[in-house]
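Please read this briefing alongside the structure shown below.

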Amino acid sequence: MQPTLNFQEILSAEKQLAGVSHQTPVLTSRTLNQRAGCEVWLKCENLQRMGAFKFRGAYNRISRLTEEQKRRGVIAFSSGNHAQATALAAGLLGVPAVLCMPMDAPGVKVDATREYGAEVIFYDRFREDREEVATRTATDRSLTLIPPYDHPHIMAGAGTAALELLREVPDLDSVIAPVGGGGLLSGTSVAAKGVRPQICVFGVEPETADDTRRSLQAGKRIAIPAPHTLADGLRVTIPGEATFPVIQQHAEKIVTVSEREIRAALRFALFRMKLVVEPSGAVPLAALLFRRLPRNLRRIGVIISGGNIDPSVLAEISQGE
């Protein structure tokens, strides 16, 4: 499949989101620089509307629907952040929303999705295919499916975070982002290289959820069993059909981090930087702290993807090892 995203679509998404999404802060830390052995800039999408970068893609997609599609409503499937993003974006646009979420989704994300006014239906991630459940419901109720990553509008919206980062810090050597289905990494890679063609883009996955790493090595999309990882937003079993060719073309490499390293990164963000970051958002930070990237990179931008951490996980992390 040929890549489905270009830089002009990122710029178009930026215009669509103007005055709606937050231009999130870019933070630095001398301690982080010392630990990572390079200069680091964190693009804090944990401070985005609904607490994650996902709002960008959801709003970009839903805002472009026809009036008839908006009237009938939308449906999405998600472990949490895309659910909240779709619910919020739909609410802002006056569009009814149904969200298909796994039964083990963090309660804080389920509650937030409902508070944004959406209807929630549950599925068993270990026995049912979430896309099949959502597609069946979409057909039965004449809803438009808003995928979590596998659509050019979603990918382009996600890429606007990197676009903002590079405009604020234009001379980065590299940008890194977490990888689930690939929407953020694909959008980030196109945006970053559209601004600075020589930049290197890396994705980071948990060791137990390395479907994109395996797929790049194989040269085709590889499926893995439903992974177990603290990074609940990255529990994807196969890269997206639309996102994978973009990642193949633009990303240099996928690196992985352990569960212990993810926990350490969460504690670092909380206690040293005073940032509440969810496990998925801490994955690229872990790659820096444990030096998984090439040593020749001196100026690195990081997309901190979200901050919607389950309170029980936050309590556990705050108590130490």
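Pro178 is buried in this predicted model, with a relative accessible area of 5%, which is under the 20% limit for that class. This proline lies in strand S7, which spans residues 174-178. Gln48, at a relative accessible area of 4%, is also buried, and its place is in the loop between S2 and helix H3 (54-62).

- Not counting residues up to four places away in sequence, Pro178 touches Leu184, Leu185, Val204, Leu234, Ser280, Pro284, Ile303 and Ser305.
- Although Pro178 and Thr256 are 78 residues apart along the chain, their C-alpha atoms are separated by 9.7 Å.
- Gln48 is in contact with Ser21, His22, Thr24, Phe53, Phe55 and Arg56, once its neighbours within four places in sequence are left aside.

**Nonpolar cores**

- The largest nonpolar core has 37 residues, and the members that touch the most other members are Leu32, Val40, Leu42, Leu288, Leu293, Ile300 and Val302.
- At least two residues of this core are supplied by each of helix H2 (30-36), strand S2 (39-44), strand S8 (200-206), strand S9 (253-257), helix H12 (259-271), helix H13 (279-289), strand S10 (299-304) and helix H14 (311-318).
- H13 provides the largest share of this core, with seven residues.
- Val40, leaving aside its neighbours within four places in sequence, is in contact with Leu27, Thr28, Leu32, Asn33, Leu288, Ile300 and Val302.
- As a general background, nonpolar side chains tend to be buried together in soluble globular proteins.

**Contact of H8 with H9**

- The axes of helix H8 (residues 152-168) and helix H9 (residues 183-195) come within 7 Å and cross at roughly 45°, an angle that makes H8 oblique to H9.
- H8 passes H9 in a right-handed crossing.
- On the H8 side, the residues that meet H9 are Met155, Ala158, Gly159, Ala162, Leu163 and Leu166, while H9 contributes Gly183, Leu184, Ser186, Gly187, Thr188, Ala191, Ala192 and Val195.
- Divided by class, this contact of H8 with H9 has nine nonpolar and five polar residues, and no charged ones.

**Contact of H10 with H11**

- The axes of helix H10 (residues 211-218) and helix H11 (residues 243-250) come within 11 Å and cross at roughly 65°, so H10 is roughly perpendicular to H11.
- The crossing of H10 and H11 is right-handed.
- Thr212, Ser215 and Leu216 of H10 make the contact together with Phe244, Ile247 and Gln248 of H11.
- The residues of the contact of H10 with H11 comprise three nonpolar, three polar and no charged.

- Ser142, a residue other than glycine, has a positive phi near 55°, and it lies in the loop between helix H7 (130-141) and strand S6 (144-145).
- Ser142 counts as partly exposed, since its relative accessibility is 38%.
- Lys274, likewise a residue other than glycine, has a positive phi near 60°, and it is found in the loop between H12 and H13.

How values were computed
Residues numbered from 1 in each chain as written. Predicted model: local features only at pLDDT ≥ 70, side-chain atom pairs only at ≥ 80, totals over all residues. Heavy atoms only, no water. Core = buried A, V, L, I, M, F, W, Y, C linked by side-chain atoms within 4.5 Å. Buried < 20%, exposed > 50% of the residue type's maximum accessible area, 1.4 Å probe, protein only. Helix = DSSP H or I, 4+ residues; strand = E, 2+ residues; numbered from the N terminus. Contact = heavy atoms within 4.5 Å. Axes fitted to C-alpha atoms, helices over the stretch in contact; angles between N-to-C directions. Parallel < 35°, antiparallel > 145°, perpendicular 65-115°, else oblique. Left-handed = near helix turned anticlockwise from the far one by under 90°. Nonpolar A, V, L, I, M, F, W, Y, C, P; charged D, E, K, R; others polar.
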